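Colleague: I would like to learn how to read aromatic pairs and nonpolar cores in a model. Could you take me through them step by step?

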Amino acid sequence: MKKNIISIMASLLLIIASGCEDLNNPGEIKIKNSLFFNLQVNSPQQHVYIYRDTDISGRTEYNAADPLINFFEKNSEVSLKDEISNNYIYFKLVTDTVKDSYLLNPYKPYYTNIAAFEAKPLADYYLSVNADGNIITGKVTTPGDFTITSPRKGDIIRGHLNLEKLVFRWSGSKNAKGYIVKVYVKDKYYDMPIENFYMSDWAGYKTTDTSLAFQSNMYYSQAVASGECVIRIIAYDDNYYQHYFSKKETVGLSGAYGCFSSSVVKEVRFNYVSD
């Protein structure tokens, strides 16, 4: 009986000791990279971001001013297979900032397509990446195309009261999980564009909702200058929703953390004339 008790205690001590060892030494990171790629329909350039998954607790490589650039994976081979034409689209490394109509994307560098390429709606695309010997694959099905029906290109909206009552409308995007709505208006005090930003899920919108009233605060009511305005609507897929809203660490990918998603982007330019 005494021998049995000693044997049981020894076993328990071994289990406790091994458990402590695991807690104190979690070991090497199993997944080497994180990847972020939102494939955009109606965009001539695509942008892929690949980072090394590194323990930054010691911050030996950490740069507080631009932390992500320290972990960007610059030795990657990136390609995308177009299921429609069965062709491969290859990507190159770029170190400039990403520019859109008004804003600069601070994350640099990135990978972009070498040849002219525009993703198609309701199509399958397959991603393949060799990130310094680590293989990453992914797949997306892009949402359907859609049209912004109001306002229309060149429309003139007069007076801030009319702007506040403006309703944006668009046709539905098939297979879209939701919509992001961005409105760019000109600031009359600083003579620069300012962004009014809506995310439909935050507002409780469902995928069947294809209209949104312009919502402004007192600052926007008094500070919008006459000039060109832009409405940009992004219809995003379920992968985008699962990662950025539901916070799932890996969506649409195998071999990396992050997200391979797709979206359809449309914009219309209209004019605002203050009274």
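Predicted model: local features only at pLDDT ≥ 70, side-chain atom pairs only at ≥ 80, totals over all residues.

Modeller: Residues are numbered from 1 along each chain as its sequence is written, and side-chain values use heavy atoms, with hydrogens and water left out.

Colleague: Which residues touch the most other members of the largest nonpolar core?

Modeller: In soluble globular proteins, nonpolar side chains tend to be buried together. A nonpolar core here is a set of buried Ala, Val, Leu, Ile, Met, Phe, Trp, Tyr and Cys residues joined through side-chain atoms within 4.5 Å, where buried means under 20% relative accessible area (1.4 Å probe, protein chains only). Of the 49 residues in the largest core, Leu35, Phe37, Leu39, Leu80, Leu127 and Trp170 touch the most other members.

Colleague: How are the rings of Phe72 and Tyr111 arranged?

Modeller: A pair of aromatic rings is described by the distance of the centres and the angle of the planes. Rings of Phe, Tyr and Trp (its six-membered ring) pair if their centres lie within 6.5 Å, with planes under 30 degrees apart counted as stacked, over 60 as edge-to-face and the rest as tilted. The centres of Phe72 and Tyr111 are 5.6 Å apart and their planes stand at 20 degrees, so this pair is stacked, and both residues are buried.

Colleague: And what of Phe146 and Tyr179?

Modeller: Their ring centres are 6.4 Å apart with the planes at 75 degrees, so that pair is edge-to-face. Phe146 is buried at a relative accessible area of 2%, and Tyr179 is buried at 1%.

Notes
Buried < 20%, exposed > 50% of the residue type's maximum accessible area, 1.4 Å probe, protein only.
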